[in-house]
Amino acid sequence: LFFSYFKELVGKEVTVELKNDLAIRGTLHSVDQYLNIKLENTRVVDQDKYPHMLSVRNCFIRGSVVRYVLLPQDGVDIDILHDATRREARGG
Amino acid sequence: MASGGPALESLVDQIISVITNDGRNIVGTLRGFDQATNIILDESHERVYSTKEGVQQLVLGLYIIRGDNISVVGEVDEDLDARLDLSLLRAHPLKPVIH
């Protein structure tokens, strides 16, 4: 379900918060079945605290280290998500 | 069977920055990878950040890093990287990943 949901979000700007507290903002370039995420135009949210990625513009984030993906307010159609979840719950 | 999604293929032979689960930052040239995100990194060196001294670089050579232990693989922009003055950079080390 979420794989296809993320495919819909490709091209949108998101912020990914990782399990090591690093937060990376960027444009969603692609996603795969493991929910690994590729972001373009990457910038770290708190660059002074985390200078480690200053020269990185595109990155691949392993699905297993994502804590949250912060979505754009207008990127979410709540009703469609609700329906899809209900369908999954029934069929699953 | 391959997902076709974000493969690391476009990064092969590029300089990349790997952030590992224990918070280390290793920079090197990507030579290979697999579905489990295990990677082969050439000419690798670890950049150690601290709040007291400038960034230390430890040369490692050819390494295989197991995918289980990888958080982020970043594509390093060489121009931007050349502009960084590592001796002036001070920062807290990255935190380790906790699940």
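These legends go with a set of close-up views of a predicted model.

Residues are numbered from 1 along each chain as its sequence is written, while chains are lettered from A and ligands numbered from 1 in the order in which they are written. In this predicted model, local features need pLDDT of at least 70, side-chain atom pairs count only at pLDDT 80 or more, and totals for chains, interfaces and linings use all residues; side-chain values use heavy atoms, leaving out hydrogens and water.

**View 1. The annotated Sm span of chain A.** The unreviewed UniProt entry carries the annotation "domain: Sm" for residues 1–75 of chain A; positions follow the numbering used here, the feature name is shortened, and such annotations may be inferred rather than shown by experiment. That span is 9% helix and 45% strand, with its end C-alpha atoms 16 Å apart. Helices (DSSP H or I runs, at least four residues) and strands (E runs, at least two) are numbered from the N terminus.

View 2. Two aromatic pairs turn up over all chains. Ring pairs here mean Phe, Tyr or Trp (its six-membered ring) with centres within 6.5 Å; planes under 30 degrees apart are stacked, over 60 edge-to-face, and the rest tilted. A:F2 and A:Y5 make an edge-to-face pair, because their planes sit at 85°, with ring centres 6.4 Å apart. The two residues are three apart in helix α1 (residues 2–8), so about one helical turn separates them. A:Y5 also pairs with A:F6, this time tilted, at 6.1 Å centre to centre and 55° between the planes. Together, ring pairs join A:F2, A:Y5 and A:F6 into a cluster. As for accessibility (buried is under 20% relative accessible area, exposed over 50%, partly exposed in between, with a 1.4 Å probe and protein chains only), A:F2 is partly exposed at 45%, A:Y5 is buried at 14% and A:F6 is buried at 10%.

**View 3. A lysine over a ring.** Look for A:K7, whose charged end sits over the ring of A:F3, 4.4 Å from the ring centre. The test asks for NZ of Lys or CZ of Arg within 6 Å of the centre and within 35 degrees of the ring normal.

View 4. A:V66 belongs to strand β5 (residues 66–70) and is buried, because its relative accessibility is 17%. Skipping residues up to four places away in sequence, A:V66 touches A:V16, A:E17, A:L18, A:K19 and A:I61; contact means heavy atoms within 4.5 Å. A:N36 is 30 residues away in sequence, with 8.6 Å between the C-alpha atoms.

**View 5. The largest nonpolar core.** A nonpolar core is a set of buried Ala, Val, Leu, Ile, Met, Phe, Trp, Tyr and Cys residues joined through side-chain atoms within 4.5 Å. The largest has 26 residues, and A:L18, A:L39 and A:I61 touch the most other members. Beyond four places in sequence, the contacts of A:L18 include A:I24, A:I61 and B:V72.

**View 6. Strand β1 of chain B and its partners.** Five of the six residues of β1 (residues 15–20) are buried, so the strand is largely enclosed by the rest of the structure. β1(B) pairs with β2 (residues 25–33) in the antiparallel sense over five bridges, where pairing takes at least two DSSP bridges. B:V18 stands opposite B:I26. Four residues lie between these strands in a hairpin, and B:G23 in the turn has a positive phi of about 90°. β1(B) also pairs with β5(B), antiparallel over five bridges, with B:E75 as the bridge partner of B:I16.
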